[in-house]
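Here is a short briefing to read alongside the model. Have the viewer open, and let's walk through fold, surface and charges.

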Amino acid sequence: MLNETNRPILDAILDELIPPSEDGKIPGAGALGVAEFLPTANAYAPDAAGSVRTILDAVPADFVALPRDEKVTALKRVEAAHGQAFETLVRLTYMGYYSRPDMRPHFGVGAHPIHPLGYPVARESDAMMDELTAPVRARGKVYRDAR
């Protein structure tokens, strides 16, 4: 699926979907190599490779050389014309990027897997819990007692 012609184009697309940080400390999705994840993502999308091919075929051949604003315009056109494939690519890009243990610490979560340890989550304040549960409490009893 990926070759030396289309891989730089896909990397440029991925870097537009998740760009690098302005200070250069956090790489974009293309530079990070998320393209390597995409061919293995069939468990998450029925035709991951087909979606990637659709997007690659739809962008201009000179996509890599375009200025950023023209890249964004081109991707908006591709999204409008191939919405399902574009949505699949975006979802898989996020999955491939944010599932990497080396990226999670940049966003305030641990490098360890979510399960079985989980991540520390601060408790909601009593005021927030009151606000969240107020509609439920206001409804009153909406169940029958089991006897």
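Is Asp11 buried or exposed? At 18% relative accessibility, Asp11 counts as buried, where buried means under 20% relative accessible area, exposed over 50%, and partly exposed in between (1.4 Å probe, protein chains only). Keep in mind that this is a predicted model, in which local features need pLDDT of at least 70 and side-chain atom pairs count only at pLDDT 80 or more, while totals for chains, interfaces and linings use all residues. Residues are numbered from 1 along each chain as its sequence is written, and side-chain values use heavy atoms, with hydrogens and water left out.

**Fold and overall shape**

- The chain has six helices and zero strands, with helices (H or I, at least four residues) and strands (E, at least two) taken as DSSP runs numbered from the N terminus.
- Read from the N terminus, the order of elements is α-α-α-α-α-α.
- The radius of gyration, taken over C-alpha atoms, is compared with a globule rule of 2.2 Å times the number of residues to the power 0.38.
- For 147 residues that rule gives 15 Å, and the chain's 21 Å is well over this, so the chain is more spread out than a compact globule.
- Along the principal axes, the C-alpha atoms fill a box of roughly 70 × 35 × 30 Å.

**Burial and contacts**

- Buried residues make up 32% of the 147 in the chain.
- Counting contacts (heavy atoms within 4.5 Å) between residues at least 6 apart in sequence, 63% join residues at least 24 apart.

**Salt bridges**

- The whole structure holds six salt bridges, each defined as a side-chain nitrogen of Lys or Arg within 4 Å of a carboxyl oxygen of Asp or Glu.
- Arg7 and Asp11 form one of them, at 3.0 Å from N to O; the two are four residues apart in helix α1 (residues 6-17), separated by about one helical turn.
- Arg7 also forms a salt bridge with Glu36, with the closest N and O atoms 2.3 Å apart.
- Because Arg7 lies in helix α1 and Glu36 in the loop between α2 (29-32) and α3 (48-58), this pair ties together parts that are 29 residues apart in sequence.
- Glu36 is exposed, at 52% relative accessible area.
- Through shared partners, salt bridges join Arg7, Asp11 and Glu36 into one network.
- Asp145 and Lys141 meet in another salt bridge at 2.8 Å, N to O, and Asp145 is partly exposed, at 40% relative accessible area.
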